[in-house]
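Let's take a friendly walk through this model, from its overall layout to its helix packing and a few individual residues. Have the structure open beside you as you read.

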Amino acid sequence: MRCPKCLKMDDRVIDSRSLKNGEIIRRRRACTRCGHRFTTYEQVVKAILVVLKRDQHREDFDRAKLRASIAHAAIKRPISEPQIDMLVDDIMREIEAEHETEVHSTLIGRKVMDKLEKVDEVAFLRFASIYRRFRDASQFLSEIENLIERQ
Ligand SMILES: [Zn+2]
């Protein structure tokens with residue numbers, strides 16, 4: 001790392017600390033020529049995740065949009081705001097671990113349903129009805145039957 005004071009390209013690390021559960025490494029460095037001390041931060045560069053939609057077009061993954069769709073299904077249900085954030089975090093972590101740069105929107109929807117089902121069945125059904133685009137009441141009922149069978 002180039003010393004910001006004397007511009008020499010030689011330093012040694014005098015302290016290294018991990019922040020945010022190891023997502024960021026903070027290093028204190030000392031220039032070997034002038035002794036100036038400075039700090040650097042290191043973190044993994046995350047690729048922008050692209051969502052492949054049902055109609056085959058692509059758009060950048062939007063965390064706020066995902067959160068809003070879950071929050072919408074959870075209206076007036078006993079699901080707290082922090083719980084919704086945790087759901088979103090879990091889903092994001094899984095997607096980032098399993099997919100490099102592109103993910104199908106159907107897969108995101110399935111993940112949301114898997115998680116919601118365990119948290120609140122009404123929110124699950126609401127989300128499923130929008131996501132699966134139920135055409136009529138019979139589809140809605142068959143989803144409820146599935147839900148009962150799985151218990
Ligand atoms: Zn220096």
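Predicted model: local features only at pLDDT ≥ 70, side-chain atom pairs only at ≥ 80, totals over all residues.

Leu-7 has 10 C-beta neighbours inside 10 Å, so Leu-7 counts as exposed. You will find Leu-7 in the segment before β1, which covers 11-19. The phi of Leu-7 is near 70°, a positive value in a residue other than glycine.

Lys-76 has a positive phi too, near 60°, and is likewise not a glycine. Most residues other than glycine have a negative phi. Lys-76 sits in the loop between α1 and α2. Lys-76 is exposed because 7 other C-beta atoms lie within 10 Å.

## Domains

The chain is divided into domain 1, covering 11-43, and domain 2, covering 50-149. Taken over C-alpha atoms, the centres of domain 1 and domain 2 are separated by 41 Å.

## Around Val-50

Val-50 belongs to strand β4, which spans residues 50-52. Val-50 is partly exposed, because it has 13 other C-beta atoms within 10 Å. Setting aside neighbours within four places in sequence, the contacts of Val-50 are Arg-58, Asp-60, Phe-61, Thr-101 and Glu-102. As for Ala-73, it is 23 residues from Val-50 in sequence and 24 Å away in space, C-alpha to C-alpha.

## Helices α1 and α2

Which way do α1 and α2 run relative to each other? The axes of helix α1 (residues 63-73) and α2 come within 10 Å and cross at roughly 130°. The two helices are therefore oblique to each other, and α1 passes α2 in a right-handed crossing.

On the α1 side, Arg-63, Leu-66, Arg-67, Ile-70 and Ala-71 take part, meeting Ile-84, Leu-87, Val-88, Ile-91 and Met-92 of α2. By class, this contact of α1 with α2 has eight nonpolar, no polar and two charged residues.

## Helices α2 and α3

Helix α2 (residues 81-98) packs against helix α3 (residues 105-119) at an angle of about 140°, with their axes 10 Å apart. The angle therefore makes α2 oblique to α3, and α2 passes α3 in a right-handed crossing.

From α2, the contact draws on Gln-83, Leu-87, Asp-90, Ile-91, Glu-94 and Ile-95, while α3 supplies Ile-108, Lys-111, Val-112, Lys-115 and Val-119. Sorted by class, the contact of α2 with α3 has six nonpolar, one polar and four charged residues.

## Helices α3 and α4

How do the axes of α3 and α4 cross? They come within 7 Å and cross at roughly 160°, with helix α4 made up of residues 121-131. Angles over 145 degrees count as roughly antiparallel, so α3 is roughly antiparallel to α4. The crossing of α3 and α4 is left-handed.

Here Gly-109, Val-112, Met-113, Leu-116, Glu-117 and Val-119 of α3 meet Glu-121, Ala-123, Phe-124, Phe-127, Ala-128 and Tyr-131 of α4. The contact of α3 with α4 has nine nonpolar, one polar and two charged residues by class.

Key:
Residues numbered from 1 in each chain as written. Helix = DSSP H or I, 4+ residues; strand = E, 2+ residues; numbered from the N terminus. Buried ≥ 20, exposed ≤ 12 C-beta atoms within 10 Å, placed from the backbone. Contact = placed C-beta atoms within 7 Å. Domains from an automatic or database assignment. Axes fitted to C-alpha atoms, helices over the stretch in contact; angles between N-to-C directions. Parallel < 35°, antiparallel > 145°, perpendicular 65-115°, else oblique. Left-handed = near helix turned anticlockwise from the far one by under 90°. Nonpolar A, V, L, I, M, F, W, Y, C, P; charged D, E, K, R; others polar.
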